[in-house]
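Subject: Structure handover

Hello,

Here is the structure for you to look over. My notes follow below it.

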Amino acid sequence: MLKESLLKLSESQAAKTVITRTPVSRSFAQRFVAGDTLEDAIQAARALNDAGLGVSLDFLGESVKSRDEATAATDMVIRILETIKRTGVNANVSVKPTQFGLDLDEAFCRQNIELVLQRARELGDGGGEIFVRLDMESSVYTERTVALVESLWADGFHNTGTVLQSYLHRTPDDLERMLALGSRIRLVKGAYKEPGDISYEDKADTDRMYVQEMERLLEAGTYPAIATHDEAIIDQARRFVWEKGIGKDSFEFQMLYGVRRDLQTRLREEGYNVRVYVPFGDSWYPYLMRRLAERPANMFFMAGSILKESGATRFFNPAAIGAGLAAGAAATLLWKGRKRKSKKGRRR
Ligand code: FDA
């Protein structure tokens, strides 16, 4: 329930205004976001590269409301590509279709993506085009994103691929579509609030599907990305590739910046390819809320930061405050849900 309320908040403009103005949210966001500028992101990428980890740079932003914003995002992503080339960092790029105007005009969005892919192609050395991944957003965009990748491939843009989410019922079919194409797939569990008739409500089902889809990808995919911090699933991937004789360089593990750094380096030390998703920019609000929703215990850290900043840790225990915040949010939702139900009841 807390997860749901955080995902709802991630889409609320009012909550965004309040939360982004709080200095502590900004300082907490720094745990998951490399900084406001491209220079901050390149610095983070260099440090990760020094530890043997690859990077995917993500200029934060989604659901833009105007063509100007979409054009600015396109220009910025091209700047990222040029900076990758100039600095020689081991990085590729992740983008969100709604950042390029998918909500405004599909043809315009596609044009922007083509500009990016074209530049990524020109900057690559020989066969090594810079890879640009289309992140997967909520299910409203799934079909359009999958179809976009198919049509870009049909037009010869093979330096792109997308992300599939194991919580969606449709994913096994999308997986086959992407395998037929030969495009690279990143497999994730899914980070949005989705209706129960198209997604698994029980986390155990999402995890079970993740393992099935991961094994299919490891056997038949083109350099798939196993993007999870779930140690049980990662162990299963290691067992599976070992049993099937699948080489360590035919896939990569991916994790988020600031999450399970210990596991990132451990896997690298064991000889696996590991790529870290590094977001940067000042539009960090929805990204941060999704990270909180994935692990409500992060609320305790946030509560801890609030107390530390206010100097109140001498008097209060952050875990207790975090639990209080979580319980408060859950109680508010419960109360709102009951109110809605009783109103409905009255209407009937
Ligand atoms: P799960 O949620 O079961 O977590 C397993 C363990 O990982 C937890 O017990 C905890 O220890 C740790 N953990 C997970 N999330 C954490 C957090 N936020 N903070 C601290 N610890 C955490 N989603 C999407 O819908 N579209 C996309 O394009 C992408 N792209 C993407 C790229 C990459 C590289 C990654 C790793 C993830 C995504 N995601 C995504 C997010 C994904 O859908 C999912 O929400 C998160 O990865 C969390 O799920 P896990 O697989 O880690 O498992």
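These are the findings, from the overall fold down to single residues.

Please keep in mind that this is a predicted model.

**Overall**

The protein chain has 14 helices and eight strands. Of its 348 residues, 38% count as buried. Take the contacts with a separation of 6 or more: residues 24 or more positions apart account for 70% of them.

**Core**

The largest nonpolar core has 83 residues. Ala-45, Leu-187 and Val-278 have the most contacts inside it. Where does this core lie relative to domain 1 and domain 2? Both domain 1 (1-28 + 296-348) and domain 2 (33-283) give residues to the core, so it lies between them.

Look at Ala-45 in particular. Leaving aside neighbours within four places in sequence, Ala-45 is in contact with Val-55, Leu-57, Val-89, Ala-91 and Val-278.

**Ligand shell**

There are 23 residues around the ligand. Those that come nearest are Asp-135, Val-188, Ala-191, Thr-228 and His-229. By class, the shell has ten nonpolar, six polar and seven charged residues. Strand E4 (160-165), strand E7 (252-256) and helix H12 (285-294) each supply at least two residues of the shell. The largest share, three residues, comes from E7.

**Helix H8**

Helix H8 covers residues 171-181. Its buried residues are Thr-171, Asp-174, Leu-175 and Met-178. Seen down the axis of H8, these fall within an arc of 105°, so they line one face of the helix.

What do the buried residues of H8 pack against? They pack against H7, E4, strand E5 (185-188) and helix H9 (203-220). The face of H8 turned away from the buried side carries the exposed residues Asp-173, Glu-176 and Ala-180. Just after H8, Gly-182 takes a positive phi of about 90°.

**Tyr-141**

Tyr-141 lies in the loop between strand E3 (132-134) and helix H7 (142-154). Is Tyr-141 buried or exposed? Tyr-141 has 20 C-beta neighbours inside 10 Å, so it counts as buried; the cut-off is 20 or more.

Not counting residues up to four places away in sequence, Tyr-141 touches Pro-97, Thr-98 and Leu-102. Thr-98 is 43 residues from Tyr-141 along the chain, yet their C-alpha atoms are separated by 8.6 Å.

Best regards

Note on methods: Residues numbered from 1 in each chain as written. Predicted model: local features only at pLDDT ≥ 70, side-chain atom pairs only at ≥ 80, totals over all residues. Core = buried A, V, L, I, M, F, W, Y, C linked by C-beta atoms within 7 Å. Buried ≥ 20, exposed ≤ 12 C-beta atoms within 10 Å, placed from the backbone. Domains from an automatic or database assignment. Contact = placed C-beta atoms within 7 Å. Helix = DSSP H or I, 4+ residues; strand = E, 2+ residues; numbered from the N terminus. Near = placed C-beta within 6 Å. Nonpolar A, V, L, I, M, F, W, Y, C, P; charged D, E, K, R; others polar. Arc of directions from axis to C-beta.
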